[in-house]
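Subject: Structure handover

Hello,

Here is the structure I promised to pass on. Please open it first, then read the notes below.

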Amino acid sequence: MYNQTLILIQCQDAVGLVANISNTLAKYQLNIVTMREYVDEEANKFFVRVVCNGLVMDQKQLSDSLAEVLPPSAQIQINPNTRKKIVVLVTKEHHCLADILVRQHFETWGAEVQAVIGNYESLRSFTEKFDIPFHCISHENLTKETFEKKLIAQIQQYHFDYIILAKFMRILSPAFVGTFENKLVNIHHSFLPAFIGANPYKQAHARGVKIIGATAHFVTDQLDEGPIIVQDIRHVNHTYTVKDMVTAGKEIEKAVLSRAIRLLSEDRVMRNDYKTIVFE
């Protein structure tokens, strides 16, 4: 943000928080452009995203001033890095990775791919066309623990804000997830009813589903049950073949993942236990 200050706050709810925040920012000659707030009444938690015109020279001083008028243990972020760094994990499917790399190439969002890591060589040549490092960490003939240790070691060679699982078809252990807590983002298809295992689109076609969806979410120990960032659907009908459903599914997956990365890169997503607050 050019000549703007972004402030993210989450804390216990209390009377007068908006006024306290506004008055404090006014003392620093920061003019509020947008203020989006939300109160989780059940948890008694307050969330706010504030964009101000003007830059503050001493961010620690501003943070300390805000902390003085907020409840104890308030979480305050001022001007997080506006160019988020990401590492992308892949297997063989290219559609999500292709969308990410093309968007980066044309600089249409605030994300920078530091590296792509796959457990197959399939996407190396494509990735390297964009001058992005590609590393292959094969899982074959390795225990899950050994494979993940190698994967962790490779990921940690890079500085990053998020790890994007762009159709990375491996179930990650709690130890791996714990190493990168709140950093892992996954995309998966969503059907009603749900179909798991091999050939979900074939199962969906056989059942005559009318909606295909996709979900982007943070990764937790519970498989595909982490806090949801973005979901969307596409209607299908009886004329769709299995191939048509696969094509539609890939389109919605890459659109949902792209939207999630954009929201994260703009600091519009705040974790709230098992849910997210998304200020769109």
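Let us start with one residue. Asp224 touches Asn186, His188 and His217, leaving aside residues up to four places away in sequence. Contact here means heavy atoms within 4.5 Å.

Some ground rules. This is a predicted model, where local features need pLDDT of at least 70, side-chain atom pairs count only at pLDDT 80 or more, and totals for chains, interfaces and linings use all residues. Residues are numbered from 1 along each chain as its sequence is written, and side-chain values use heavy atoms, with hydrogens and water left out.

An unreviewed UniProt entry annotates Asp224 as "active site". UniProt positions follow the numbering used here, feature names are shortened, and annotations may be inferred rather than shown by experiment. Asp224 sits in the loop between strand S10 (211-218) and strand S11 (228-235). Helices (H or I, at least four residues) and strands (E, at least two) are DSSP runs, numbered from the N terminus. Asp224 is partly exposed, at 36% relative accessible area. Buried means under 20%, exposed over 50%, and partly exposed in between (1.4 Å probe, protein chains only).

Next, Ala115. Is Ala115 buried or exposed? Ala115 is buried, because its relative accessible area is 0%. Ala115 lies in strand S6 (residues 111-118). Its contacts include Ile86, Val87, Val88 and Tyr158, not counting residues up to four places away in sequence.

Now the sheet. Four strands form an open sheet, in the order S2-S3-S1-S4, with antiparallel pairing. Two strands pair if DSSP finds at least two bridges between them. Strand S2 (31-40) and strand S4 (75-78) are the edges, each pairing on one side only. The twist averages 10 degrees from one strand to the next. Nine bridges join S2 to strand S3 (residues 45-53). Glu37 has Val48 in S3 as its bridge partner.

Last, the helices. Helix H2 (residues 59-68) lies across strand S1 (4-12) and S4, at about 150 degrees to S4. The axes of helix H1 (residues 17-27) and H2 come within 9 Å and cross at roughly 150 degrees. That makes H1 roughly antiparallel to H2. Axes are lines fitted to C-alpha atoms, for helices over the stretch in contact, and angles run from 0 to 180 degrees between N-to-C directions. Angles over 145 degrees count as roughly antiparallel, under 35 as roughly parallel, 65 to 115 as roughly perpendicular, and the rest as oblique. Ile21, Thr24 and Leu25 in H1 meet Leu62, Ser65 and Leu66 in H2.

Best wishes
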